[in-house]
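Work through the following exercises with the structure at hand. Each task is followed by a solution in steps.

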Amino acid sequence: MATIKSSQINATDLDFDTISENIKTYLKGQEKFKDYDFEGSNLNVIIDMLAYAGHISGVNTNIAASEMFLDSAQIRKNVVSRAKDLGFTPASEKATSAQLEVKMSNIRNANQTIPSANDMTLSRGHNFTTVYDGVTYNFVNTTSVVPVRDNTNFSYPTVDIVQGQYITDSFVFDSQVKNSKFVLSNSRVDKSKLEVSVNSNGAVAKYSLSTDVSTINASSRVFYAQENEEGFIEIYFGDDVLGKGLVDGDLISATYITVDTVHADGAKLFSMADAINGFSNATITTLAIAAGGAEKESIDSIKFKATKFYTSQNRLVTLNDYKAKVSEYYPNADAVAVWGGEDNDPPQYGKVFVSLKPQNSDYLSVAEKAQVTSKLNQLNMLTVRPEIVDAEIVKILITTVFKYNKNDTTLSQGELETIVRNAIVNFDNTNLNNFDSIFRHSNLVKDIDAANSAILSNITNVRLEKKKTVEIGKSEGLVINFGNGFFHPHDGHNKASGGILTSTGFKVDGDSVNTYFFDDDGSGIVRRYSLQSGVRVFADQAAGTIDYTSGKISVDAIKFTSTVNNDTSIDFTVIPSSDDVVAIRGSLIDISVNDIKVTAEVDTISSGESSAGVGYNSTSSSSY
């Protein structure tokens with residue numbers, strides 16, 4: 001049979017074996033090689049080398065083409081470069097910050113004179129320390145603080161500190177170097193804390209970071225900062241058109257905070273590591289606990305935000321514009337939700353509501369809210385006022401009892417319980433990190449069963465908990481909206497035992513002895529009671545209402561004097577009508593890790609301890 005002559009090789013394939021076969025097919029179509037045994041000849045080695053070269057060339061070409069576009073790029077330097085084309089600058093690492101009040105008493109010099117306030121100035125870069133998870137971390141204050149002096153007592157009312165250390169890099173400008181950029185010596189830099197000054201012929205001027213070129217002219221003392229291909233921050237200056245240019249010999253000083261690899265968010269106790277004018281005995285009160293630490297913006301985040309940033313064109317008109325800007329202004333945000341005032345409950349026209357949750361805490365501090373709001377006000381329309389509101393967090397309380405075959409594992413009961421607990425925590429981290437999340441009960445049950453091969457089944461029950469802060473000493477009503485219906489099989493359900501509602505304790509005006517709680521009567525009425533020898537004594541059998549269908553609890557006006565919770569809040573816990581839980585507008589659903597209850601039970605049938613179901617104890621499908 002005659003071999004069909006091939007005059008060309010298919011150049012569209014990338015697979016090594018396919019390329020090799022294409023070359024062989026081509027050679028078999030030539031007169032000189034048509035009778036060769038390509039599988040056994042030395043020519044096969046040459047063909048493999050050609051196929052290998054073609055394969056590598058094709059793969060490299062494909063990768064190069066993919067890296068040219070933001071959607072398909074995988075290498076960070078290319079993603080950053082493509083985002084820069086859209087005018088988007090990725091966020092750098094961000095140092096954890098805290099706020100302290102420092103007081104020093106009985107301060108006298110060795111000659112018994114009292115130092116002046118200037119002598120006791122708390123200089124920028126003063127070192128503080130905290131112990132977090134057993135490790136000591138360093139903090140420095142960001143600005144010099146002159147104390148308030150009262151005889152021998154010195155008070156520093158507000159000291160802002162950040163985690164890390166101050167570092168200063170120096171450079172000399174040389175106009176012979178075209179498009180000169182100055183790379184900072186450390187890779188982990190908080191760009192928001194970067195300070196740049198230029199010494200030109202003995203005159204020192206401070207330069208500010210440029211964030212909006214529309215406000216810059218030829219005399220503006222600004223610098224630009226961006227991430228280079230190695231992941232370091234590089235700075236550069238204007239060209240006498242967009243920013244004041246530099247001249248030969250100008251000395252550039254860049255001072256910045258180096259960010260630790262571990263963020264001490266949540267640290268509360270601080271001590272002073274350095275002395276002030278030789279005095280080190282100080283009383284430190286934490287005004288704002290450590291928060292706000294963040295890593296460099298991820299590749300996925302850059303891809304998502306860059307296109308949104310380009311769409312907004314540095315203005316705030318649509319809800320997506322606000323969402324993109326909030327994410328830029330507060331890179332430590334774990335989740336962001338934005339809605340118009342017309343969609344609020346109740347409606348508030350002329351407003352845009354922004355709810356965001358930080359990565360390592362539930363709520364923003366007052367200072368952080370003010371900072372984000374101030375930046376939004378610079379870009380929003382005059383008739384629209386942005387308002388930062390706390391995220392409404394609905395905690396999911398999980399109770400799990402699982403059966404396992406003890407013959408299929410060498411792990412102890414406690415070890416299996418730890419594995420299941422970790423599976424629940426991982427489910428929470430993977431699925432419940434956005435405002436539009438849905439908790440799907442069956443998916444969690446599936447993950448628990450798959451946590452270990454010895455686990456045979458599980459019964460997992462769900463309750464919901466929501467915290468409500470009350471104002472002490474003020475008569476006020478409360479509204480707690482879960483956004484999910486409550487379990488209510490019939491009128492009067494579980495009336496004697498308190499219905500489906502429980503709460504943490506509180507005290508009310510006029511009674512300093514009894515601690516009160518809330519429950520419901522199973523017919524839509526909220527009751528207030530205290531416990532006397534374990535028996536419920538009702539002080540108010542009509543303290544409010546509970547709507548089982550909508551999932552809303554309303555408590556009539558009452559003056560609270562204290563709560564069992566340290567943060568003057570009351571926790572309301574309910575049984576939902578469905579094990580699937582949905583987050584409503586401005587709300588987050590989150591599995592309460594500290595309240596996960598896991599119990600392991602040996603399956604006596606699978607382990608051979610019982611037969612025909614004799615002696616087998618079934619786990620109740622409800623723990624309420």
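**Exercise 1. Is G54 buried, exposed or partly exposed, and where is its place?**

The model is predicted. Step one: the relative accessible area of G54 is 31%. Step two: buried requires under 20% and exposed over 50%, so G54 is partly exposed. Step three: G54 has its place in helix α2, residues 43-66. As a check on distance, G54 and R82 lie 28 residues apart in sequence and 29 Å apart in space, C-alpha to C-alpha.

**Exercise 2. Describe the salt bridge of E295 and R188.**

Step one: the two side chains meet at 2.7 Å, N to O. Step two: E295 is in the loop between β14 (283-291) and α4 (299-312), while R188 is in the loop between β7 (182-183) and β8 (195-200). The pair therefore links distant parts of the chain, 107 residues apart. Step three: E295 is partly exposed at 38% relative accessibility, whereas R188 is buried at 17%. Step four: E93, R188, E295 and K296 are linked in a network of salt bridges. The count of salt bridges comes to 16.

**Exercise 3. Which parts of the chain does the salt bridge of K467 with D571 tie together?**

Step one: the side chains of K467 and D571 meet at 3.1 Å, N to O. Step two: K467 lies in strand β20 (residues 455-469) and D571 in strand β28 (residues 569-574), so parts 104 residues apart in sequence are tied together. Step three: K467 is partly exposed, with a relative accessible area of 36%, and D571 counts as buried at 11%.

**Exercise 4. Characterise the packing of α7 and α8.**

Step one: helix α7 (residues 413-431) and helix α8 (residues 441-449) pack at an angle of about 140°, with their axes 9 Å apart. Step two: the crossing of α7 past α8 is right-handed. Step three: α7 contributes V420, A423, I424 and F427 to the contact, and α8 contributes N443, L444, D447 and I448. Step four: these residues divide into six nonpolar, one polar and one charged.

**Exercise 5. What is the nearest side chain of opposite charge to D428, and how far away is it?**

Step one: D428 has its place in helix α7 and is buried. Step two: the nearest side chain of opposite charge is K395, 7.5 Å away. Step three: a salt bridge needs nitrogen and oxygen within 4 Å, and D428 has no salt bridge. Step four: leaving aside residues up to four places away in sequence, D428 touches D590, I591 and V593.

Key:
Residues are numbered from 1 along each chain as its sequence is written. This is a predicted model: local features need pLDDT of at least 70, side-chain atom pairs count only at pLDDT 80 or more; totals for chains, interfaces and linings use all residues. Side-chain values use heavy atoms; hydrogens and water are left out. Axes are lines fitted to C-alpha atoms, for helices over the stretch in contact, and angles run from 0 to 180 degrees between N-to-C directions. Helices (H or I, at least four residues) and strands (E, at least two) are DSSP runs, numbered from the N terminus. A crossing is left-handed if the near helix is turned anticlockwise from the far one by less than a right angle, and right-handed if clockwise. Contact means heavy atoms within 4.5 Å. Ala, Val, Leu, Ile, Met, Phe, Trp, Tyr, Cys and Pro count as nonpolar, Asp, Glu, Lys and Arg as charged, and the others, Gly among them, as polar. Buried means under 20% relative accessible area, exposed over 50%, partly exposed in between (1.4 Å probe, protein chains only). Lys and Arg count as positive and Asp and Glu as negative; His and the chain ends are not counted.
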